[in-house]
Amino acid sequence: MAGGPGSTGSVALKLPSGARPTAMGGAFVGVADDVNTLYWNPAGLATVAFPELSALHTLYLADTTYQSVGYAQPLGPLGTLAGAISILNYGNIPQTFEGEDGLYLGEKGNSSPMDYFVNVGWGESLPPFLGMNRLKGGVTLKGAFQQLSGGTLVGLGLTGGALLDTPVQGLRLGMVVDNLGGLAGKGRWLPLVWALGGSYGTALGSSFRALYALDVKMAIDTNPMFNMGAELEAFRLLQLRAGWRGGGAAGGPSLGLGVKYPLTWFARTMIFKMDYALAYYDELGSSQRFQLAVQFGGGAPTLRLANIEASGERGELSLKWKGDGPAYQIYMRRREEEKFVQLTDRPLENAHFMLTGLAPGMYVLKILTIDPYKPEWRGPASTDIEVEVEAGVEKPLTPAPAVPVAPATTGEAPAGYIQPAAPAPGTTEPPKQPAPQAVPETPLLPPDHVPVEPSSPAPAAPAPPSPYQYSPVPETPAAPAETAPADGKVQDGLVPTRPEP
């Protein structure tokens with residue numbers, strides 16, 4: 001087990017897979033957030049929220065090529081299942097022969113040895129109890145098949161990993177035990193590796209984000225290695241990557257570039273990802289990796305911030321934007337406040353939002369991309385948008401149903417009536433009319449009611465106080481008493497309204 005180089009079988013299992021992890025120096029155990037995590041830390045499959053298909057082509061050392069195709073499928077509460085097939089082609093190698101005495105007998109033809117690898121993995125978070133869902137676990141079953149001139153060697157292995165989203169925002173830790181198994185019938189171990197890694201992601205302003213990663217690896221057939229890398233993302237569309245692999249001839253710098261962009265086909269959003277990696281291996285040369293991946297769903301990787309339009313006036317707030325997300329939520333706060341309040345009680349499928357009834361002032365809004373079918377998924381958010389809502393013109397009050405007014409009599413008004421105001425000095429009181437015998441459900445104003453000009457002060461409330469209150473009707477002149485309509489409208493410039501029960 002500690003025999004050094006050459007003491008293990010299927011060493012091609014240690015070949016870095018994936019353009020993005022390679023560009024980051026192979027420091028991916030603590031990142032583990034896309035379909036590549038099947039090879040690096042299966043616990044990261046729990047973070048894959050949407051189906052993803054990936055294809056990789058590698059120009060490796062000494063005319064060797066490496067291809068792989070992988071697919072990850074989330075299963076809801078059952079976790080995420082993933083599988084991949086990889087082929088390592090050593091190219092054409094001349095076949096040499098030797099005699100029974102070991103002497104060289106010359107060359108005859110060529111051979112094309114290949115290695116085939118099959119990986120099936122699963123990952124899931126722990127139940128959301130006391131924050132346990134921060135911890136994720138996963139396992140991968142591996143099958144390795146080496147085609148040699150003398151036959152085929154079969155290796156079976158197991159990989160187990162764990163991933164922890166720490167309470168520190170952006171800090172993630174991972175651990176993995178890789179290639180636990182051996183070659184069938186040969187008594188050789190697979191290249192067993194133990195790795196511990198961490199990553200830290202942070203925002204750099206509103207349009208940039210940085211990710212840093214570091215791994216430490218211990219293997220049974222090589223010296224300890226450390227890998228470190230970084231990724232800078234701009235506008236959630238472009239990624240620049242760099243890293244360093246330390247330890248032996250396999251060490252050296254690496255660089256990479258990534259682009260992702262959303263497209264909508266047949267009413268379904270897909271995010272296309274293209275990644276490239278260039279890795280140097282000192283005197284051994286360099287290798288290149290090209291990877292294309294498609295994520296089925298998940299909305300846009302960004303909101304086109306230049307196309308957000310916000311306006312507010314007369315107590316109304318209008319917000320329009322362009323985005324390809326499946327749905328959105330709107331958050332708002334006053335500028336002097338610190339916490340945002342969610343305005344939408346359900347996902348918005350249209351990129352337009354209107355809110356009325358706001359008090360004048362300055363407001364700060366934020367748009368968040370969400371998936372209505374996966375409430376736990378939160379996509380990118382826009383930058384804070386500041387809007388000023390102006391004071392609007394008050395709308396006239398809607399007149400309430402009129403309450404009958406009692407005729408001018410001495411003493412208190414009958415029950416259900418309002419005592420009218422006394423006539424102004426120097427005026428003649430109109431003839432008195434007999435009081436009605438009963439209060440109709442929809443009473444009318446009596447014809448002897450005295451009109452009051454809208455500009456006159458409101459009459460004082462009689463004693464005892466009336467159980468009703470008065471509300472002025474703006475911009476509505478009083479009508480003459482003799483022309484009082486029979487529809488119950490008020491003619492004295494005052495709207496009597498009943499109090500709430």
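Let me start with a term: a salt bridge here is a side-chain nitrogen of Lys or Arg within 4 Å of a carboxyl oxygen of Asp or Glu. Before we go on, this is a predicted model, with local features needing pLDDT of at least 70, side-chain atom pairs counting only at pLDDT 80 or more, and totals for chains, interfaces and linings using all residues. Residues are numbered from 1 along each chain as its sequence is written, and side-chain values use heavy atoms, leaving out hydrogens and water.

By that rule we get eleven salt bridges. Take Asp178 and Lys142, whose side chains meet at 2.8 Å, N to O. Asp178 lies in strand E9 and Lys142 in strand E7 (residues 135-148), so the pair ties together parts 36 residues apart in sequence. Strands, by the way, are DSSP runs of E with at least two residues, and helices are runs of H or I with at least four, numbered from the N terminus.

Are these two buried or exposed? Asp178 is buried at 13% relative accessibility, and Lys142 is buried at 9%. Buried means under 20% relative accessible area, exposed over 50%, and partly exposed in between, with a 1.4 Å probe and protein chains only.

Now, what does E9 pair with? Strands pair if DSSP finds at least two bridges between them. E9 (residues 171-183) runs antiparallel to E8 (residues 151-165), with ten bridges joining them, and Leu158 stands opposite Leu180. E9 also pairs with E10 (residues 193-204), again antiparallel, over eight bridges; there, Arg172 has Ser199 as its bridge partner.
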